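Let's take a friendly walk through a protein model. Have the sequence and the 3D view ready as you read.

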Amino acid sequence: MDPHDVTLPDPSEIAPHAIAFARMMFAHAAFEREIRSLVDAINPKKPGFGERPENRWTASESGTGKIIILIKHYRGNGLPQVEQIKNLLNEAIHPCRDRDFLAHGTWCCFNRRSLTIEVRGGVRWGQPELARENGAYTVSDILKIARKFKDIETELYKVRRSLEPKMSQAEMRAASSFLRAS
């Protein structure tokens with residue numbers, strides 16, 4: 001054990017890590033919400049389609065494949081955004097695994113010299129090949145994961161908006177008038 005390692009640090013020492021972790025969790029929640037909205041846009045005729053367990057994305061290539069199958073089933077084979085959606089979901093696999101590792105692993109010690117939290121593998125959720133034994137994270141490392149979620153969420157939003165029906169000029173004027181009257 002490194003002499004700079006502290007197994008039970010004062011909470012103020014790891015406050016920046018905890019704040020970065022909270023930011024990452026909020027970014028992940030927004031990312032997941034955007035995936036559900038995207039799945040809703042794939043089949044707009046069924047409200048809550050993206051909330052159904054059978055339509056949820058899991059952070060894996062097979063999870064991405066499931067979403068692509070849903071797209072092809074409800075939108076056909078000619079949707080030009082399919083490759084972009086596939087790439088974005090696959091790009092999210094690694095940050096999702098990092099997030100899971102940080103959320104479900106054991107924060108076992110803090111190194112005062114390197115300002116890192118050591119995390120040991122936690123519950124492997126039936127996929128032992130996916131979890132690491134341990135890892136060390138700086139505040140910057142955790143914030144990079146949060147930024148990655150935000151970047152992917154933004155791109156998924158753009159793709160989803162391209163799938164949704166466009167409002168006509170008359171509909172936009174009516175909505176604008178309604179909002180001004182409120």
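What follows is a short tour of this predicted model, from the whole chain down to a few residues.

## The chain as a whole

The protein chain contains 5 helices and 4 strands.

Of the 182 residues in the chain, 34% are buried. Now take the contacts between residues at least 6 apart in sequence: 61% of them join residues that are at least 24 apart.

## Helix α3 and its bend

Helix α3 covers residues 82-104, which makes 23 residues. At 1.5 Å a residue the helix should span 33 Å, and because its end C-alpha atoms lie 32 Å apart, the two values agree. Look along α3 for isoleucine 93, where the helix bends by about 30°. Proline 95 follows within four residues of that point.

Several residues of α3 are buried, including Val82, Ile85, Leu88, Leu89, Ala92 and Ile93. An α-helix has 3.6 residues a turn, so residues three or four places apart point the same way. The buried residues of α3 pack against α1, α2, β2, β3, β4 and α4.

Serine 60 sits in the loop between α1 and α2. Is serine 60 buried or exposed? Its relative accessibility is 12%, so serine 60 counts as buried, the cut-off for buried being under 20%.

The side chain of serine 60 reaches the backbone nitrogen of glycine 63 at 2.9 Å. Beyond its neighbours within four places in sequence, serine 60 is in contact with Ile93 and Arg97. Ile93 is also the residue where α3 bends.

How many disulfides does a search of the whole structure find? The search finds 0. Take cysteine 109 as an example: the closest cysteine sulfur belongs to cysteine 108 and is 4.5 Å away, so the pair is too far apart for a bond. A disulfide would need the two sulfur atoms within 2.5 Å.

Cysteine 109 is buried, at 8% relative accessibility. Cysteine 96 is buried too, with a relative accessible area of 3%.

## Proline 9, across the sequence

Proline 9 lies in the loop between β1 and α1. In sequence, proline 9 and cysteine 108 are 99 residues apart, while their C-alpha atoms are 9.9 Å apart in space. Leaving out neighbours within four places in sequence, proline 9 is in contact with Ile14 and Phe110.

How values were computed:
Residues are numbered from 1 along each chain as its sequence is written. This is a predicted model: local features need pLDDT of at least 70, side-chain atom pairs count only at pLDDT 80 or more; totals for chains, interfaces and linings use all residues. Side-chain values use heavy atoms; hydrogens and water are left out. Buried means under 20% relative accessible area, exposed over 50%, partly exposed in between (1.4 Å probe, protein chains only). Helices (H or I, at least four residues) and strands (E, at least two) are DSSP runs, numbered from the N terminus. Contact means heavy atoms within 4.5 Å. The expected span of a helix is 1.5 Å times one less than its number of residues. The bend at a residue is the angle between axes fitted to the seven residues ending there and the seven starting there. A polar contact is a pair of N or O atoms within 3.5 Å; within protein, one must be able to donate a hydrogen and the other to accept it, and residues adjacent in sequence count only if both atoms are side-chain atoms.
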